[in-house]
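Let's take a walk through a protein model together, starting from the inside. Keep the structure in view as you read.

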Amino acid sequence: MTTLLAGDIGGTKTLLATYRLEDSALIQQRAERFPSAEWADFAALVNHFLAGGAAGEPPRQGPPLQEPPAAACFAVAGPVRHGRVKLTNLPWELEEATLAGACGLERLELVNDFAVLIYGLPHLSPLQQVPLDPANPASDPGAPLAILGAGTGLGVAIGVPTAAGLVAVASEGAHAAFAPRTPEEWALQQWLQADRGLERVSIERIVSGTGLGEVMRWVLAGDDPDGQHALAAAARAWRHPETAAAGPAPAAPPDLPALTAQAAAAGDPLAGRALGLWLGAYGSVAGDLALHSLCLGGLWVGGGTAAKLLDGLRSPAFLAPLRAKGRLSPVLAQVPVTALTDPEAGLFSAACRARMLLAA
C-alpha cells in the first residue's frame, strides 16, 4: 500500500493528512489540525503526527506507527525559492532536503499555498466545485489553467501543461496596478489613494475581501456623509481599529466586508451597490487573468469569498465584465469558469502533488 503525506501550513493552523493511493485514487486515511504557533519546529510537528500524535498531546519521540510515506507535499504560506521558504507569519524556516531528512521522507516538496491549488484543479469532484456559467464550454485538457481567489488578499496562480505533467506557476499579479473601467471605479481609486495615502492602488486593494470593505467605505462616504447608515459605525471602526483596541475592553474591529455582504443579501441598497461594484471589478480582473494565461483548460475562482458569495459570482455583475474584453471577447467565451468551494482544497491539492512526485 502506498501512503502519501499532505500538509497545508498557515500562520494560525496546520493541517496534516495521510492518503492511501488506490490505483490513481486518493483516499484520505487520517487528518489532524494543529495550532501552528504551539510548535517551534515544523519537523517535530510532522514526526509527532506520523507517530500517531494528535493536537493537544505532548510531542511523541517514537518512530512512525507505519512505514514513512512514499512522498510528501506541504503547501506553505509564503514564497518558495529553490526549495526554501520563510513562512510569512511564523518563525519557521523550511528547506526541502533538511526537512525530508529530519522526517525520514524520500520525496518532499514545498509549494506556495495558493499555487498548490493548481495541482488539485484537474482532479476536483463535483462536491468541491460549482460551474459559474450554465453555458460553460468544455475545457481543453492540453491548455493552461488559472485560478484567482479573493480572501484577505488576492491569490493568483497559473498551471502550465508540460510533458512531465502540470507545473504550477506562482504569481504576484494581484499587486499590479488597478485599472478602472468606469467613472465610478476611477472615483473609487482616487478616493482610496488619497484616504490611505498610497502612491498607487494595486488590484488587491480593491479586489479582495478587504477590498470589499474599502468599496463599502467609499459608497458610505459619498451617499451617507452624515453617518446615519446602519454600517457607518462599523466602517469607522474598521478603518481605525486602533480606537477599539485602545478602549477599556479591547475588541476586534468589525468584519466590514462580511457585514456588507450580509446587508446586500438583506436588500440594503448601499451595500448592494458596493457589492455590485466589487463584483464588477473582480470579474474584470478575472477576465484579464484569462487573457494573460489563455487558460482554455479552465479558470477557477477560489479564496475565502467563493462559497460565501456564490450567487454574486454566478450573476451578470461578475460574469459580464469577465467576458467583456472587446475584440478578444470570443476568446473569453471559450473559457470555462468554475468556483472552487472546498475549504480544504489546499490539503487535497498538496496530496495530488505528492502523487505526482512518485513519478518524478
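This is a predicted model: local features need pLDDT of at least 70, side-chain atom pairs count only at pLDDT 80 or more; totals for chains, interfaces and linings use all residues.

In soluble globular proteins, nonpolar side chains tend to be buried together.

Now look at Phe-318. Leaving aside neighbours within four places in sequence, Phe-318 touches Leu-132, Leu-279, Tyr-282, Gly-283, Ala-286, Val-301, Gly-312 and Leu-313.

Next, turn to a pair of helices. Helix H6 (residues 209-223) and helix H7 (residues 232-239) have axes that come within 10 Å and cross at roughly 125°, so H6 and H7 are oblique to each other. The crossing of H6 past H7 is left-handed. On the H6 side, the contact is made by Thr-210, Gly-213, Glu-214, Arg-217 and Leu-220, while H7 brings Ala-232, Ala-235, Trp-238 and Arg-239.

Finally, how many disulfides does the structure hold? The number is 0. A disulfide is a covalent bond between the sulfur atoms of two cysteines. For Cys-73, the closest cysteine sulfur is in Cys-352, and because the two sulfurs are 9.7 Å apart, they are too far for a bond. Are these cysteines buried or exposed? Cys-73 counts as buried because its relative accessibility is 0%, and Cys-352 counts as buried at 1%.

Notes. Residues are numbered from 1 along each chain as its sequence is written. Side-chain values use heavy atoms; hydrogens and water are left out. A disulfide is a pair of cysteine sulfur atoms within 2.5 Å. Buried means under 20% relative accessible area, exposed over 50%, partly exposed in between (1.4 Å probe, protein chains only). Contact means heavy atoms within 4.5 Å. Axes are lines fitted to C-alpha atoms, for helices over the stretch in contact, and angles run from 0 to 180 degrees between N-to-C directions. Helices (H or I, at least four residues) and strands (E, at least two) are DSSP runs, numbered from the N terminus. Angles under 35 degrees count as roughly parallel, over 145 as roughly antiparallel, 65 to 115 as roughly perpendicular and the rest as oblique. A crossing is left-handed if the near helix is turned anticlockwise from the far one by less than a right angle, and right-handed if clockwise.
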